[in-house]
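Please read them alongside the structure.

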Amino acid sequence: MAKRELPLVVISDTHLGTYGCRAQELYRYLKSIKPETLVLNGDIIDIWQFRKRYFPKAHLKVLKQIISMASKGTKVYYLTGNHDEALRRFSDFTLGNITLADKLILDLPDGKAWIFHGDIFDASIQNAKWLAKLGGWGYDLLIMINSLLNWGLEKMGRERYSLSKKIKNSVKKAVTYIQSFEDTAAELAIDQGYKYVICGHIHQPQQREIKSEKGSCTYLNSGDWIENLCALEFNGEAWELYQYDSKPPLTVESEDEELNDLDLQRIIQKVTLDERTLAS
């Protein structure tokens, strides 16, 4: 099956290294596209919850596929988020086609796109990191329980069910927080004259026009690869919120895997060890 060629793709919140990450689906998606530019908008490797005993082959394959894409001409921007903030001390580092940064501004045909993860708006992260990490562990536990539930549902031929979505949609404060997050990001983008503002962080895929007295902009959120399995694709003229569909599964071409699994594990473990050393 021929790969879809795209000028620009944005994904975020893959949380590689956690039990909830849908790495196999993400790998299939990455193998099905050929973007000129790929933006990884934060929380790609979950260093907060990294465990030496859990970084399976499917997660390593995602990293190898990204590196393979860069080696074949795709410009890759890795923008740091809160779960991979240990990488922020290496910001503005470039190696071949891979650039590590905190934010990105791209010139598109109809205006500028301002891209960043979005954790800067989260007071719990800025003021009480331990509380945010505790919430992250709780979310990971919820996803594990949800995975077991969905395994049972699929065995019975029933549709998957999202516990976290149900909780978010039923809790008024969560709905208000998401609305406030989107409005705040849009207002800042309008103030600075950006046509688009693109975030991740809240795991809520979105594409909507937001207006204020000063103007308007398009707010976009790339969702996540734990529950929503979404990406943002720009075809040169317009944005599309892509939704992965595992039925039928994407057919991908096989390629040689050039980077050894053990090498990747050592790199990830070293980054985590460095973070713990700095924190002590």
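1. Is H117 buried or exposed? H117 is buried, at a relative accessible area of 1% (buried means under 20%, exposed over 50%, partly exposed in between, with a 1.4 Å probe and protein chains only).

2. This is a predicted model, in which local features need pLDDT of at least 70, side-chain atom pairs count only at pLDDT 80 or more, and totals for chains, interfaces and linings use all residues. Residues are numbered from 1 along each chain as its sequence is written, and side-chain values use heavy atoms, with hydrogens and water left out.

3. H117 sits in the loop between strand 7 (111-116) and helix 3 (123-127) (helices, H or I of at least four residues, and strands, E of at least two, are DSSP runs numbered from the N terminus). Its side chain reaches the backbone oxygen of N41 at 2.8 Å.

4. There are seven salt bridges in the structure (a side-chain nitrogen of Lys or Arg within 4 Å of a carboxyl oxygen of Asp or Glu). One of them pairs D119 with R88, with the closest N and O atoms 3.0 Å apart. D119 is in the loop between strand 7 and helix 3 and R88 in the loop between strand 3 (75-79) and strand 4, so the pair ties together parts 31 residues apart in sequence. D119 is buried at 5% relative accessible area, whereas R88 is partly exposed at 28%.

5. R208 and D183 also form a salt bridge, with 3.0 Å between the closest N and O atoms. R208 belongs to strand 9 (residues 206-212) and D183 to helix 6 (residues 172-191), 25 residues apart. Salt bridges with shared partners join E182, D183 and R208 into one network.

How values were computed. A polar contact is a pair of N or O atoms within 3.5 Å; within protein, one must be able to donate a hydrogen and the other to accept it, and residues adjacent in sequence count only if both atoms are side-chain atoms.
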